[in-house]
Structure formats: C-alpha cells, structure tokens
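This report covers the salt bridges and a surface patch of one protein model. The sequence and structure come first, and the text follows.

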Amino acid sequence: MDTSLSQPNLDLSKLSDYDKRDLQQQIGNEMQKAKIQESIHNLTDICWTKCITGGISNGKLSGKEESCTTNCVERFLEANTAVLKHLEQMRGEM
C-alpha cells in the first residue's frame, strides 16, 4: 500500500535527541490511550451483554440491570488488578 499520499516523507534521523524522546513519549501516550479505550470497549461489551436484558425505558436501567452492571464493572476491574499484580510479581522474580 502506498502511503506517500497520506503521509509526507519524514526523515526521523534529522530530529534532535530531545525531539526523538518527545516523539517516543507521544507515541507511548497514544498507545496507552488506545489500550485504555480497548479495555473500556471490552468492558462495555461484556457488561452490556450480561446485564442489559430488556429495552431501556425513560433513559434508565432497571434496578436489577444497574446492580448487575455495577457488579460486572467491579469484578472486571478487580480481575484486571489481580492480573497486573501477578505480572508485576513475575517480573520481580526474573
């Protein structure tokens, strides 16, 4: 695929060390944002499918749906936290 029409030719070797570090930081930040957005999308999809069983009337969830959604989000966050802690422990053992 030819990307020359959508992106100018950039010669990154002409950037100063400061600009290279800044660019790397910006790319890292954008990657983190994309991961967060993906997690939110996955969370929304999982909890919506599990908890929203009927139509939403008057712009509100039923009490059961609201409770289920709250619990789903909490369990999702707890599971992610547990996985991250485990990965940190594994990294520390290396």
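How many salt bridges does the structure hold? The structure holds three, a salt bridge being a side-chain nitrogen of Lys or Arg within 4 Å of a carboxyl oxygen of Asp or Glu. This is a predicted model, in which local features need pLDDT of at least 70, side-chain atom pairs count only at pLDDT 80 or more, and totals for chains, interfaces and linings use all residues. Residues are numbered from 1 along each chain as its sequence is written, and side-chain values use heavy atoms, with hydrogens and water left out.

**Salt bridges**

| Pair | N to O distance |
|---|---|
| K33 and E30 | 2.9 Å |
| E74 and R75 | 3.6 Å |
| R75 and E78 | 3.1 Å |

Side chains of opposite charge can pair when their charged atoms come close.

K33 and E30 both lie in helix 1, three residues apart, which is about one turn of the helix. Helices are DSSP runs of H or I with at least four residues, numbered from the N terminus. K33 is partly exposed, at 44% relative accessibility, and E30 is partly exposed as well, at 48%. Partly exposed is the range between buried (under 20% relative accessible area) and exposed (over 50%), with a 1.4 Å probe and protein chains only.

R75 and E78 are both in helix 2 (residues 63-93), again three residues apart and about one turn of the helix. R75 also bridges to E74, and E74, R75 and E78 are linked in a network of salt bridges. The relative accessibility is 37% for E74, 41% for R75 and 45% for E78. E74 counts as partly exposed, as do R75 and E78.

**Nonpolar surface patch**

Which residues make the nonpolar surface patch? L10, L12, L23, I27 and M31 make this patch, which has an area of about 490 Å². Patches are made of residues with over 30% relative accessible area and no salt bridge; nonpolar side chains (Val, Leu, Ile, Met, Phe, Trp, Tyr) are joined within 5 Å, and like charges within 9 Å. Accessible areas come from the Shrake-Rupley method with a 1.4 Å probe, and for residues only the protein chains shown count as cover.

One of the patch residues, I27, is found in helix 1 (residues 17-51). I27 is partly exposed, with a relative accessible area of 44%.

Key
Helices (H or I, at least four residues) and strands (E, at least two) are DSSP runs, numbered from the N terminus.
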